[in-house]
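The following exercises are to be worked with the sequence and the structure at hand. Each task is followed by a solution in steps.

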Amino acid sequence: MWDKQSPSGLSSRLASSLAHQYDGRQELSIKNIRASALPGVLLFVLAVMLSDLQFLDQDMEMLGLDSVLWISLAYGLSWLFIVAAPAHGIPWLMRAGSVLAAATLVTRLLLPKGQMALCVLIAFHFAIGFCVACGFYLLMSALQNAERFFAMLLITLYYGVIYLFWPIDAVSHFLQSIGSVLVMAVFLVAVFLTPFSYYPALLDAKTHPGRKGYIVLFLYLIYFILDQLNTYLDYELKYTESLWVGLGILSAVLVTVGVQLAFQRGMWHLWNGFLTLTVAGILLMIWDAYLSAEVGSYFYGLSGYVGYIAVIYLLGGAGKRNGTLRFFRVACLFTFFTSTVIPFAFMAIYEQLSRTYFAWFSFSLAVLCLIVGALAMPALANNLFFARWMDDFHKIDMDEPEQKLALEDRLDALGLTPREKQVCLLLLAGYTLRQASGELRIGYSTVNAHYKAIYRKLGINSRVELLLLLGVRPPEAGESNREYSTTAPPEHRQDHP
């Protein structure tokens, strides 16, 4: 006989199951957002907001080019220039870009609409492009998984609210003027209160070439091709309904969190959903049928921002895992390409086709991207979505980043066996012997034997000596909860699980 349960019992079990699932997903836990990480979150989010709030004057032209192209070109060029910047120059560029952006914002608001105001607006987007790029540097290098995910959700919530209320003239006028000035004021304060020491220095790719994560750039490229298509359908062809786009964007936040909570490989499902819903949304927007524009607009908002959260979150985590300045520079080059070459190509095609033909061209290109994505799925599954290193996205931070190549190079010169090197790297990360035993799936006594062999070969008596020998900074008081022995010899050290 089947056991019957009351609805309240089922709901309590469901709530308990969801709570347990949530506790096991450290990248979703708000308690893992450090207070010290808020500057990095704030700088990236505010820079993106400012870039969007001043995306205006699409109906103007200068030297035969649409203002959208000028804005995209200026924004992309700032990312190109930052490629040549050394790591220690990032905070200087952030400050210089913020001051220039503030000056051009105020100047633009004082000027009447016209060519001069457009020139100042172009200069603003060049300046704010530096700020967004520097903010992405922090997203990639300074933030942990939960903080990075939280930043993407905040940006998406902002876009959803903007689409809902932008059609109201009073709201849009306020956001373009006083609202932008207020956001800029907060941004300037955050920029100049953030010390230079907050910006981590990434490794030199010439000596420590990072190997992981570059495949995420393929997703980045596909996403921005489809994003540019949607931009034309939205701003140029006016196929979208703002209210429904906003509802779709807000739904993207719930869908992203829900999928991440429900599936171990949530990003895999989010990426496939993004491709499929984008094609469906474009088809519905251009199909002349009852409610098709509304439903298509909802899919446009939902799919576009599910893809946005997934791609930028993966890109930031992959950059943290890679750990080199070269990865950041390659991402900047991709942003330059997607902000300049792709918009100019689409504009050239748009000018040669009628409104209807361009709409169907957009749908055909979206289908092509879906096919390319499907053909690339085996490679994406093996090297990204189902690769072992993707498990790090469910932890507090990306474990074993490519910076450990530097330590491995040093360990190679010390005559340690491969297993001793593995144990040594875990000790350097602060693992106890029992934790290292569980991580390596070998017995505690075996780990203890390797532990003693490492100390004997290196002629040391404490973990701090090991850290100093390999040039790793020992943890300060209260910095780590894990054990660091400084006095007891290996065979007498008390190692707690």
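**Exercise 1.** Which residues are exposed on the other side of H13? Describe the helix and its buried face as well.

*Solution.* The model is a predicted one. Begin with the extent of the helix: H13 covers residues 355–375, 21 residues in total. From first C-alpha to last, H13 reaches 30 Å, close to the 30 Å expected at 1.5 Å a residue. Next, list its buried positions, which are Phe358, Ala359, Ser362, Phe363, Leu365, Ala366, Cys369 and Gly373. Viewed down the axis of H13, these buried residues fall within an arc of 160°, so they line one face of the helix. Finally, turn to the other side of H13, where Tyr357 and Leu375 are exposed.

**Exercise 2.** How many salt bridges does the structure hold? Identify the partners and their locations.

*Solution.* The structure holds 2 salt bridges. In one of them, the side chains of Arg34 and Glu147 meet with an N to O distance of 2.7 Å. Arg34 belongs to the loop between helix H1 (7–23) and helix H2 (38–53), and Glu147 to helix H6 (residues 145–165), so this pair ties together parts that are 113 residues apart in sequence. Then compare the burial of the partners, taking under 20% relative accessible area as the cut-off for buried. Arg34, with 30%, is partly exposed, whereas Glu147, with 0%, is buried.

Lys457 forms a salt bridge with Glu420, and the closest N and O atoms are 2.9 Å apart. Because Lys457 lies in helix H18 (residues 444–458) and Glu420 in helix H16 (residues 418–428), the pair ties together parts that are 37 residues apart in sequence. Here Lys457 is partly exposed at 40% relative accessibility, and Glu420 is buried at 6%.

**Exercise 3.** Where does Pro200 lie, and which residues does Pro200 touch, not counting residues up to four places away in sequence?

*Solution.* Locate the residue: Pro200 sits in the loop between helix H7 (169–193) and helix H8 (216–236). Its relative accessible area is 26%, and Pro200 is therefore partly exposed. With residues up to four places away in sequence set aside, Pro200 touches Tyr137, Leu138, Ser141 and Ala142. Lastly, compare sequence and space: Pro200 and Ile90 are 110 residues apart in sequence, while their C-alpha atoms are 9.8 Å apart.

**Exercise 4.** Is Thr104 buried or exposed? Give its contacts, and then examine the nonpolar surface patch that includes Val161.

*Solution.* Thr104 is placed in helix H4 (residues 90–110). Its relative accessibility is 9%, so Thr104 counts as buried. Apart from neighbours within four places in sequence, Thr104 is in contact with Val120, Ala123 and Phe124. As for the patch, Val161, Phe165 and Ile168 make a nonpolar surface patch of about 250 Å². Val161 is found in helix H6, and its relative accessible area of 40% makes it partly exposed.

Note on methods
Residues numbered from 1 in each chain as written. Predicted model: local features only at pLDDT ≥ 70, side-chain atom pairs only at ≥ 80, totals over all residues. Heavy atoms only, no water. Helix = DSSP H or I, 4+ residues; strand = E, 2+ residues; numbered from the N terminus. Expected span 1.5 Å × (residues − 1). Buried < 20%, exposed > 50% of the residue type's maximum accessible area, 1.4 Å probe, protein only. Arc of directions from axis to C-beta. Salt bridge = Lys/Arg side-chain N within 4 Å of Asp/Glu carboxyl O. Contact = heavy atoms within 4.5 Å. Patch = residues over 30% accessible without salt bridge, like charges linked within 9 Å, V, L, I, M, F, W, Y side chains within 5 Å. Areas by Shrake-Rupley, 256 points an atom, 1.4 Å probe, with all protein chains shown as cover.
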